[in-house]
Amino acid sequence: MARNLAGSLWNRWEPHIHAPGTMLNDEYGPDAWPDYFDRLEASEPPIRALGITDYYSVDTYEEVLRNKTENGRLPNVDLIFPNVEMRYGVGTGKNIPVNFHLIVSPKDADHVAQLRRFLKALTFEAYGENFRCEPDDLMSLGRHHDRTIQDDKTALRAGTNQFKVNFDQLKSEWKKSAWIQKNALIAVAGSNKDGTAGLQEASLATVRKELERFAHIIFASQESQRNFWLGNGAVSIDELSAEWGGPKPCLHGSDAHKLEKVGQPDLDRRTWIKGGLTFEALQQACLEPGSRAFVGATPPMAGFESQTIQHLTVSNAPWMLDSEIQVNPGLVGIIGARGSGKTALADMLAAGGYASPSQLSGRSFLDRARPRLGDASATLSWGGGDTTSRRLGGDSDPTGDRPARVQYLSQHFVEELCSADGVSGELLSEIERVVFQAFPVEDRSGATSFDELLDLRTAGAREIRRQKEIRLRQMTERINADVEKSIQLSKLTRDRTEKAAALTVDHETRAAMLTGEDEDRSQRLKDLNLAEAASAQSVNEMRRTLQALTDLQAEVNDMRQTRLPEIVESLRERHKKADLASEDWDRFGLVFVGDVDSLLVAQISELVERIDAVVGKPSPDDAQTSDASPMPGVLPCIPSEAPMADRTLTSLREEIRHLTDLIGMDDARKQVLERLKDKITRLEAEVAKLDRDIEYATGAPARITAERTARQKCYGEIFEALIAEEQELVALYAPLESRLSSEDGTLGKLSFSVRRLVDQEAWAKQGEDLLDLRKVGPFRGKGALLENVSLELVPAWEAGSSEDVAAAMSIFLANHENALTSHAPVDRDDSDAYLAWEQRVADWLYGSGHIKLSYGVLYDGADVGQLSPGTRGIVLLLLYLSLDQDDLRPLIIDQPEENLDPKSIFTELVDRFRQAKLRRQIILVTHNANLIVNTDADQVIVATSGPHRPGLLPEINYLSGGLDDPAIRYEVCEILEGGETAFQERARRLRVSL
């Protein structure tokens, strides 16, 4: 039979079927053989292996075999083997003997004679005689049982029905026969009718366990039974191994005794065996019952068909002796001597699957051999019908925007990720990618990458932190402004005194200039000037207020039209993942809580009216003085007795000009008086402003105290936002932490850390750059500041609450504020420079840029960056094999055992590979026997290369098949150190000969 080049694939087996003429309960009827074969040949899904069953006999098996070889029947059945059904001398609760089966390999040409010889050694004592399990003795037993029997056929049936096998004798004869141990398997029925499940009495518990322990196979179809015999049920795999001799495959057949049942097991519980159509495949299923035997309507699927490579075709490559290589959908092991072409095959598979250039660079076969590859190309045929192709020679063929269809862990790629120089950013990125894939889809909030999910979960806290930092800087600016005002108080007071004195002199000067012969008019002029100055000052104040109101109105309009919509738009952009409709976002429009427009219009209108009322309108041009007025020279439109405070500014100025003319001042004196009046007006405005500034500066200390308290609070709130972000990160990792905590081995030692990283050296260096360290003081010389920071601030920064951080900074300032100022690099007298320095110091003190959140992977409490390259390699592989649940692409790994000790490979990787191959195709280049034998590779591809050819690539050949193929097992034992030991150890534990 030709080798199955694709390795171990699922095939339908019918291991338990009787044929016409079966020794007992034959319901086929006469001339049933043609219909029997027709039904088998028409079976759907097609039966590829047949176990022809009869009681203590192989006669019907030989008849089926004769029809296949002589008459061409069963052309699609590649394996037919004898299944001898027998009965133990132990009855169930229904008084039915427990059935068992001797399943024999047909590989030996003399297997029928050898089987009959073994059966003949089994005896049954009855009627004072010892009957052997062979036709003549069985007929004799039948006649002893029923003296009325006349013909041999009836006697044979009767004897067959009465013959019972002694369990102890069976074990004894089994141990005596090397042939039977090598070529046969024991199966016991598991039903409660004629199987071990019927041995329910407590007194039979040991007997039942011994019968089951001795068996290699259990004939049972229920899922609960299968789970039990795989160690997934009532007992663990360790208990199963200790008490029952290990896990066992469950098989089921139609047990047909009539045509209607041929190939039709109850409830479509068909038997599927993964492997070639050889008896070795059944032996291999006994070694690997969980992955190579299945009872069900259809076989299990490994991953998605569209995500599995079926063929590799290499074109224009004369150095490839096999241009097409079939690829198994499960675990494929590529083995061979050094330089045999193992990595070449992995590279070609990766290239055809659009692996990224970084994974194919370095010391890859393609990179080194490219000048000699010419027009060679690799084409992959996928299970879903797709093909992908890539040129191998010449310039590297970029994948462009084509997504990688495979994940390739080349030796060079893994070495780069896990180099001894320290953990790379690529490794952390790869870990983050795998971690993200481990999150359930419903927990990803629509994110498509780890960074996106991280930003999504922490964006709110980060934005709050940013806004708090802006607010804190604004507070510092206000504090510094108040400090400056407070410092200027004495100067303001001094300036006010000087200007007030000058103003007094100017008033006296003007009074002297207005004194003349007409005392009444001179006094009147003095009073008018005073009233005019007061009125002008009032108008100036109102106009300043009007300007402020007008500016406020303009800013309100700008805020409404530009700034508030920008705030909402920024909010919308930052939170676009909220997925709100446009009409929903309309509700977020920011408006003033009151009718500020009406308020401002009313205030401006009222103020304009007041200004107009105070300024007043000019008198009529034809106004003349009247000698009849009480005060000669007073304008007739203005009563002399009217209070000056009630008069308009315009009328006061008009009367001043009129009186000046009446007094008879010359032009020069008028100009001097006018300039003096302007100076007085200016000085009065300056004194008024100084009064306001002095009042504001006097209140500065109280405001500084309040602002500093608020700043301390805001500084703590920055850390509240930081801690909120920290908690989000912890919550982000929580599901994965929970999952990892339940894992064994290395995977169980993995955890994820979220901690604050404080760059205290950088922060202290920034502070020292603001100080004059040459001055005598507590912080003289480099390092003194860092020492204090490490003791007083770092503990709170690293692990404290927001209150702890604010309190620590408050204490630090109380202890060192004077020391900091004593090291100021600028003189206090240079107020501008000093205040600018204080602003920089405050920005430094209350900055938080030196504190960042760190998240990463820990192994046994140590950061991944501190691990050896080998341990990092294990961590990376475990993440790919166990956590990368959603990535269903083929995983190609080149020699994962490099830098790993054999124990780690067996204890950490074998089970992970076995589990991972159930959901994705894995292609593994390896030198390690454990990674081939104990992972139960579904296909082994053996690479060999010819001699060196100058200027050409050596010829490469690939031999492939499954582990159930003796030729492949031989190559594994020859090439891989410990291969034979690995096979023998597994076979010894389960009493299966390979």
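This is a predicted model: local features need pLDDT of at least 70, side-chain atom pairs count only at pLDDT 80 or more; totals for chains, interfaces and linings use all residues.
Helix 26 passes helix 27 in a right-handed crossing. The axes of helix 26 (residues 760-768) and helix 27 (residues 784-792) come within 9 Å and cross at roughly 135 degrees. The two helices are therefore oblique to each other, as angles over 145 degrees would be needed for a roughly antiparallel pair. On the side of helix 26, the contact is made by Q760, E761, W763, A764, G767 and E768, and these meet A784, L785, L786, V789 and S790 of helix 27. Sorted by class, this contact between helix 26 and helix 27 holds 6 nonpolar, 3 polar and 2 charged residues.

Leaving aside residues up to four places away in sequence, H816 touches F779, N788 and E792. Two of these contacts lead back to the helix pair described above, as helix 27 spans residues 784-792.

Of its 994 residues, 49% count as buried. Among contacts between residues at least 6 apart in sequence, 72% join residues at least 24 apart.

One of the sheets is open and has 6 strands, in the order 17-21-22-14-23-24, with mixed pairing. Strand 17 (407-409) and strand 24 (956-961) stand at its edges; each has a single partner strand, so one side of each is left without a neighbour in the sheet. On average, neighbouring strands here are turned by 15 degrees against each other, direction ignored. Helix 13 (residues 342-352) packs on this sheet and touches strand 14 (331-336), strand 17, strand 21, strand 22, strand 23 (939-945) and strand 24. The direction of helix 13 makes about 140 degrees with that of strand 14. Helix 34 (residues 966-975) packs on the sheet as well, touching strand 14, strand 23 and strand 24, and its direction makes about 60 degrees with that of strand 23.

Strand 21 (residues 891-894) runs parallel to strand 22 (residues 922-925), and 4 bridges join the two. Within this pairing, I892 has I923 as its bridge partner in strand 22. Strand 14 and strand 22 also run parallel, joined by 4 bridges, and here G333 has L924 of strand 22 as its bridge partner. Where do the side chains of strand 22 point, and are they buried or exposed? I922 and L924 point one way from the strand, I923 and V925 point the other way, and all are buried.

A second open sheet is built from 9 strands in the order 9-8-7-4-3-2-1-10-11, and its pairing is mixed. Strand 9 (250-251) and strand 11 (293-296) are its edge strands; each has a single partner strand, so one side of each lacks a neighbour in the sheet. Strand 11 pairs with strand 10 (residues 270-274) in the antiparallel sense over 4 bridges, and T271 stands opposite V295 of strand 11. Helix 11 (residues 279-287) lies across strand 1 (10-18), strand 3, strand 4, strand 7, strand 8 (217-219), strand 9, strand 10 and strand 11, and runs at about 60 degrees to strand 7. Helix 6 lies across strand 3 (79-91), strand 4 (97-104) and strand 7 (184-189), running at about 165 degrees to strand 7.

Helix 6 (residues 167-176) also packs against helix 8 (residues 205-214), at an angle of about 25 degrees and with the axes 12 Å apart. That angle makes helix 6 roughly parallel to helix 8, because angles under 35 degrees fall in that class. The crossing of helix 6 and helix 8 is left-handed. In the contact, F167, L170, K171 and W174 of helix 6 meet E210, L211 and F214 of helix 8. By class, the contact of helix 6 with helix 8 comprises 5 nonpolar, no polar and 2 charged residues.

Note on methods
Residues are numbered from 1 along each chain as its sequence is written. Side-chain values use heavy atoms; hydrogens and water are left out. Two strands pair if DSSP finds at least two bridges between them. Axes are lines fitted to C-alpha atoms, for helices over the stretch in contact, and angles run from 0 to 180 degrees between N-to-C directions. Contact means heavy atoms within 4.5 Å. Angles under 35 degrees count as roughly parallel, over 145 as roughly antiparallel, 65 to 115 as roughly perpendicular and the rest as oblique. A crossing is left-handed if the near helix is turned anticlockwise from the far one by less than a right angle, and right-handed if clockwise. Ala, Val, Leu, Ile, Met, Phe, Trp, Tyr, Cys and Pro count as nonpolar, Asp, Glu, Lys and Arg as charged, and the others, Gly among them, as polar. Buried means under 20% relative accessible area, exposed over 50%, partly exposed in between (1.4 Å probe, protein chains only).
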